[in-house]
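My notes follow in the order in which I looked things up.

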Number of protein chains: 2
Amino acid sequence: MATKNILFIMFDQLRWDYLSCAGHKTLHTPHIDRLASQGVRFTKCYVQSPVCGASRMSTYTGRYSSSHGAQWNGYPLRVGEMTLGDHLRANGMDCFLLGKTHMKADLEGMARLGIDPDSKIGRRQAECGFDAHIRDDGLWPEGPEGFYDPKPSPYNAYLKSKGYQEDNPWNMNANAGRDEDGSIASGWFMRHADKPANIREEDSETTWLTSETIDFIQNAAPDTPWCAHVSYIKPHWPYIVPAPYHALYGPDDVQPVNRSDSERVDPHPVYKTFHSNLIGRAFHRQEVRDKAIPAYMGLIKQCDDQMGRLFAWLEETGRMKDTVIVITSDHGDYLGDHWMGEKDLFHDCSAKVPLIIYDPSAEADATRGTTCDALVEQIDLTATFIEMAGGEVPSHIVEGRSLLPFLHGHKPEEWREVAISEYDYAVTPMRATLGVRDQDARLYMVTDGRWKLMHSEGPGHGAMLFDLVNDPGELTDLGRDPAHAAERARLYAHLHRWALRMNQRVTRSAADIAGMRGRSRRRGILLGVYDEHEVEDDLTRHLQGKAKEDFVSGR
Amino acid sequence: MATKNILFIMFDQLRWDYLSCAGHKTLHTPHIDRLASQGVRFTKCYVQSPVCGASRMSTYTGRYSSSHGAQWNGYPLRVGEMTLGDHLRANGMDCFLLGKTHMKADLEGMARLGIDPDSKIGRRQAECGFDAHIRDDGLWPEGPEGFYDPKPSPYNAYLKSKGYQEDNPWNMNANAGRDEDGSIASGWFMRHADKPANIREEDSETTWLTSETIDFIQNAAPDTPWCAHVSYIKPHWPYIVPAPYHALYGPDDVQPVNRSDSERVDPHPVYKTFHSNLIGRAFHRQEVRDKAIPAYMGLIKQCDDQMGRLFAWLEETGRMKDTVIVITSDHGDYLGDHWMGEKDLFHDCSAKVPLIIYDPSAEADATRGTTCDALVEQIDLTATFIEMAGGEVPSHIVEGRSLLPFLHGHKPEEWREVAISEYDYAVTPMRATLGVRDQDARLYMVTDGRWKLMHSEGPGHGAMLFDLVNDPGELTDLGRDPAHAAERARLYAHLHRWALRMNQRVTRSAADIAGMRGRSRRRGILLGVYDEHEVEDDLTRHLQGKAKEDFVSGR
């Protein structure tokens, strides 16, 4: 198994249900569907935070958001936090990055520890443990106060090399169209979402990164197995896509919105605040959904076509036989469901993601084309990849669990009872609206697959509760229903037990601890001993200074 | 305030109530009492773990045991964890060590980050952030399998320089007496506790470290304020003390044991296991208490005399005027109370410690000689020292709170409602006896000063509960009493809220987060915008590529 490579593909903001294999009625994704038919599709995979940065830092460390602490976009991952790359390299597998991580380097921490950012160690610390073949986070907008992301953009450099003349072709070409008068129609304004992006399809982000991926695999050193994290920015907003994808879907293809008027009657204060924010209000409007969603579908269709191109190339070159392929996303997109836009909260369309794993090994033959409804957390991928690399999962560091048993048709004897996700909204305007302190601007999801509870640390906020069987649309909040107090108590007990979990004892493995047991006595620490006769004779003689005589006399 | 120095004195295993100022009836500690009369004595100071290593790592980082993860003796403090030394140096104060820390370096982590253990950064990482003037953990026993602590012992080197001939004079002189026949009577056997240690009093550990302290202060660079952590091993076992201290106290001076037969009737399984262990059983015996406790008192008396010597020297040299003096301990010692020996659990004699702070500044005049009964955690010292150095407490890292307001007679508007302590017993034999898994071998104390609850993560263990007002001896466990369900629920709610605390978001301060708010919009991230008219004109023009024209036209 250790000789296989891993192609770890992540899309950004791809909803779990926007694939035809997951039941979408008007969006056809035959290439991703085909991978699902060759592997296992996990139907209950939750991300550990419904926001890019925190979710990814969890996936790349195998640890919950509150364990690694990088709980929102732009919060640096603390120096020294162990990553997927650290674990894989320790097991003889390289770990490369092509695309987005949303990693913010802990430069202060690195300086404090004297780590040169230009050294190999420093570069890996700054790139979340990856060897960055290409690092491109895919968000290169600018405004009156400058660039959102001050790093140089490899994608913009590519576009310039292809003859795009704008200062910032990401902003003016890849993510903008043309208005009737020929002027720039920015994709940031959703009314332009039905226009074709101002770019050749072959130069758009998804196609570019796919070409880079093929090129990377072609040139990868054959001797060392690798994990390549191919991490697309799309179908993340701005909602705009190049031709022909801009015209494939229209308002008729948009699925009915999943919301109910009753959701807005005396709602939970956190839910109320989030669905009333700027993007929530925008997605209340049908015209916004009718423009944005067809573009979102077009972006996904393009992703699927590029997967088709990539898989065909892997097939042709025989690489499908030695390459594990994983497809997932970092969170979903409300798209107007539940009166919300964006992500942030924990309804399935936000916190649940697609997860397909294709394992070419013979052990996985029995499960090809099946679905698995076990409760999966995306941090399980770290553990899975470590096992695929031939390693043992360091459970004192990695909080996820390997999915390999499921891939090989063995249900683990003991599996998690609940999945957890967390959200830290201290930076968002919703904190001020809700009037909570920075350190209390936190939300938690706990689900056992049957029920789902959202807890807010905001004072007096209480819980939301959904019955996932009788209300799969999550439209009825039972958080204050006296009839469901027992379910809430049960899920809260899970949350509290999780909150007390051992998660920072990262310098001592179970084996280390076992090795420490009982050792001090034979090294002269005697506790609770009154008299020499109570201990082994050699110990006593040691403490009487007679060990040397014993040595001389051969005793 | 920033120009003052801090003498941060810690004794090891000193019970809160073994000082005459705290009410001990037969042990007189006039020098420590005098410091209390010049400063504030805190009557409810709890350590964050009742075991040396974990307690100290909390005190030296200002963070709970489960936050820093070094949860037992010999668990390395993870590389990069911020320490008192880091915080003080950032505020222009040096931070030195003389004596014990029980720090285990995270050598693996340092190697992973390329940190040379011999560099200045590496040495501080290995010494818990201190500049080690002398590092001596004070436990140098050996047995058939070698030394308990493989490091070189400065104290043993000192003894050899003074003519002690044994290979390991710590074991054979400082912590052993002579039997009737002249052979070594090891202090590890408690029946020898009434013998004088085989050493001149002036060469014993407590006296040696005091001399080193005076020498250090005398030679400290005058330009930079310093914090010196003077950290004695005593009165920690082995229970043996040099003349004349071995003969000052006898069985008649031993205070009545605080235990009750009812404690052993159907006890909490964790409590039962701990009080039935080897050292617990030893301290059930009156002969053990009659030997060990007078020696323990003698060790404390010697500590007090050495404090007298140190304070007199500070007085003479005028240093009392510019030196803050703190006296505390890392945990207590059961000494047979509650049928227990050692520490480990959370009865006051184990988890509560002495804390006296003398602040020479005029602001502290109003509180001299007073006691303070606020709920204090020892992690508060880190915060206090940072404020004394003139710094602002980085509350995203340091979980303790400054005690300066109490010293200056201002009660903070808001203070903690509960104190927390934790204990990880995975390495101890009690884990196997109780049959719990490594990761579940954890105990928590939560007290509001009125009630105290102990929670065990072991399955089905339940809680212990004590009424500190009506049962100050903590002899009646109300953990299963139906009449006290509400108190347990209330303390559990506190524990759970604490468990969910924000404790790893260490790379972003409150100010950093405030600075991030609302920044992305002016850098071109527009969410929930349908139409150009919905945003500021300059933003729109930016997104239309007209900003350059504006610049040229001077718009």
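How many residues lie between β16(B) and β17(B) in their hairpin, and which glycine in the turn has a positive phi? I counted six residues between the two strands, and the glycine is Gly460(B), with phi of about 75 degrees. I note here that the model is predicted.

**Entry: the strands around β16(B)**

I stayed with this hairpin. β17 of chain B covers residues 463-467, and its pairing with β16(B) is antiparallel over five bridges. I looked up the partner of Lys452(B) on this side and found Phe466(B) in β17(B).

Then I turned to β15(B). This strand spans residues 442-447 and also pairs with β16(B) in the antiparallel sense, over five bridges. Here Lys452(B) of β16(B) has Thr447(B) opposite. β15(B) and β16(B) make a hairpin too, with three residues between them. Gly449(B) sits in that turn and has a positive phi of about 90 degrees.

Is β16(B) mostly covered or mostly open? It is mostly covered: six of the six residues in 451-456 are buried. In a regular strand, side chains alternate between the two faces of the sheet. I checked the directions in β16(B). Trp451(B), Leu453(B) and His455(B) point one way. Lys452(B), Met454(B) and Ser456(B) point the other way. All of them are buried, Lys452(B) included.

**Entry: aromatic pairs**

I searched all chains for aromatic pairs and got 38. I picked out Trp188(A) and Trp237(A). Their ring centres are 5.7 Å apart and their planes stand at 55 degrees, so I logged the pair as tilted. An edge-to-face label would need an angle over 60 degrees. The two residues are 49 apart in the chain. Trp188(A) lies in the loop between β8 (184-186) and α9 (205-219) of chain A. Trp237(A) lies in the loop between β9 (226-231) and α10 (269-275) of chain A. Trp188(A) is buried at 2% relative accessible area, and Trp237(A) is buried at 7%.

Next I took a pair from chain B. Why does the pair of Phe216(B) and Trp226(B) count as edge-to-face? Its planes are at 75 degrees, with the ring centres 5.7 Å apart, so the label is edge-to-face. Phe216(B) belongs to helix α9 (residues 205-219) and Trp226(B) to strand β9 (residues 226-231), so the pair ties together parts 10 residues apart in sequence. Both residues are buried.

I also noted one aromatic cluster in chain A. Its members are Tyr18(A), Tyr239(A), Phe283(A) and Tyr296(A).

**Entry: arginines over rings**

I looked for charges over ring faces in chain B. Arg264(B) lies over the face of Trp339(B), 3.6 Å from the ring centre. Arg501(B) lies over the face of Trp498(B), at 4.0 Å from the ring centre.

Which peptide bond at Trp237(A) is cis? It is the one from Trp237(A) to Pro238(A), with omega near 0 degrees. Pro238(A) is in the loop between β9 and α10 of chain A.

In chain B I found a cis bond joining Ala243(B) and Pro244(B), with omega about 5 degrees. Pro244(B) is in the loop between β9 and α10 of chain B.

Trp339(A) has phi near 65 degrees. It lies in the loop between β10 (323-329) and α13 (348-351) of chain A. Is Trp339(A) buried or exposed? At 6% relative accessibility, Trp339(A) is buried. Asp266(B) also has a positive phi, about 50 degrees. Its place is in the loop between β9 and α10 of chain B. Asp266(B) is exposed, at 54% relative accessibility.

**Entry: chains and domains**

Last, I looked at the whole assembly. The contact takes 104 residues from chain B and 104 from chain A. About 9400 Å² is buried between the two chains, 58% of it on carbon and sulfur atoms. On the chain B side, Phe189(B), Leu500(B) and Tyr530(B) lose the most area to chain A. Together these three make up 10% of what that side buries.

For chain A, the domain assignment gives domain 1 (5-499) and domain 2 (510-543). Their centres, taken over C-alpha atoms, are separated by 53 Å.

Note on methods. Residues numbered from 1 in each chain as written. Chains lettered and ligands numbered in written order. Predicted model: local features only at pLDDT ≥ 70, side-chain atom pairs only at ≥ 80, totals over all residues. Heavy atoms only, no water. Domains from an automatic or database assignment. Phe/Tyr/Trp six-rings, centres within 6.5 Å; stacked < 30°, edge-to-face > 60°. Helix = DSSP H or I, 4+ residues; strand = E, 2+ residues; numbered from the N terminus. Buried < 20%, exposed > 50% of the residue type's maximum accessible area, 1.4 Å probe, protein only. Lys NZ or Arg CZ within 6 Å of the ring centre and 35° of its normal. Pairing = 2+ DSSP bridges. Contact = heavy atoms within 4.5 Å. Buried area = accessible area lost by both parts, 1.4 Å probe.
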